[in-house]
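This report describes a predicted model. It begins with individual loop positions and then turns to the strands and a helix.

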Amino acid sequence: AESMVSAAAAASGSDVEAIGLVFPVYLHKTPKIVARFISRSSFGDAYVFAVATNNGGPGSCMKGLVSALRARGSRLDAGFGLIMPGNSVILADMTNPVEERARRLEESEAGLESIVGAVLAREKNDFGRNEAARSWLQSRFYGLVAAAYGLPRHFNAGGDCTRCGVCARSCPQGNITLAGKGPVWGKNCVNCLG
């Protein structure tokens with residue numbers, strides 16, 4: 001994440017024509033790591049687009065993105081949703097059956113082509129900026145339940161953990177350390193399920 005922030009900071013003074021923010025939706029919201037990236041970046045007059053991968057709907061993530069960009073003096077020119085296989089097991093098993101995963105991945109090719117065409121044409125849209133109250137309420141509800149549940153308390157490594165460190169190296173927050181028999185999760189989890 002820090003390297004992305006550095007790249008955006010370096011690019012902000014140049015003639016960047018377009019900046020794309022591509023991220024998975026976390027509990028119907030913009031991931032905190034994306035909001036933090038935006039808070040440290042400047043996009044100038046670039047065409048800014050976002051692609052939110054999701055398991056059925058982007059929730060209120062685009063509304064949050066618009067607010068974060070506006071706070072930095074920028075705007076979201078276009079937003080897109082792309083339905084992908086679900087991987088969340090935070091509050092319930094939201095993964096999809098094998099056949100559904102395969103179907104979604106196959107259909108994502110056409111969705112990506114459409115998004116690429118719109119971005120190349122610098123199309124503008126209001127996708128997801130005016131979500132219904134239901135999306136906002138779902139987002140708030142899931143966030144509160146996940147916070148109360150305290151997800152990292154429920155993480156554990158199986159007996160076949162070799163302490164290889166892949167989990168610690170892949171955590172975007174640096175929230176996982178190796179100690180004793182395996183990984184230990186800290187208090188800085190953003191529920192990325194990485």
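## A glycine between α6 and β4

In this predicted model, G174 sits in the loop that links α6 (166–170) to β4 (176–179). With a relative accessible area of 54%, G174 counts as exposed, because the cut-off for that class is over 50%. Along the sequence G174 and W185 are 11 residues apart, and their C-alpha atoms are 9.4 Å apart in space.

## The loop after α3

G73 belongs to the loop between α3 (61–71) and β3 (78–83), and its relative accessible area of 66% makes this glycine exposed. Just after α3, G73 adopts a positive phi of about 75°.

Which residues of α3 are buried? They are C61, M62, L65, V66 and L69, and because they cover an arc of only 135° around the axis, they lie on the same side of α3. An α-helix has 3.6 residues a turn, so residues three or four places apart point the same way.

The buried residues of α3 are covered by elements that include β1 (18–24), α2 (32–39), β2 (47–54) and β3. On the face of α3 turned away from its buried side are the exposed residues R70 and A71.

## Strand pairing around β2

β2 is largely enclosed by the rest of the structure, because 7 of its 8 residues are buried. β1 and β2 run parallel and are joined by 7 bridges, and A18 has Y47 in β2 as its bridge partner.

Together with α3, the strands β2 and β3 form a right-handed β-α-β unit.

The side chain of S41 reaches the backbone oxygen of F37 at a distance of 2.7 Å.

Technical notes:
Residues are numbered from 1 along each chain as its sequence is written. This is a predicted model: local features need pLDDT of at least 70, side-chain atom pairs count only at pLDDT 80 or more; totals for chains, interfaces and linings use all residues. Side-chain values use heavy atoms; hydrogens and water are left out. Helices (H or I, at least four residues) and strands (E, at least two) are DSSP runs, numbered from the N terminus. Buried means under 20% relative accessible area, exposed over 50%, partly exposed in between (1.4 Å probe, protein chains only). The arc is that of the directions from the helix axis to the C-beta atoms. Contact means heavy atoms within 4.5 Å. A polar contact is a pair of N or O atoms within 3.5 Å; within protein, one must be able to donate a hydrogen and the other to accept it, and residues adjacent in sequence count only if both atoms are side-chain atoms. Two strands pair if DSSP finds at least two bridges between them. A crossover is right-handed if, with the strands pointing away from the viewer, the path from the first strand over the helix to the second runs clockwise.
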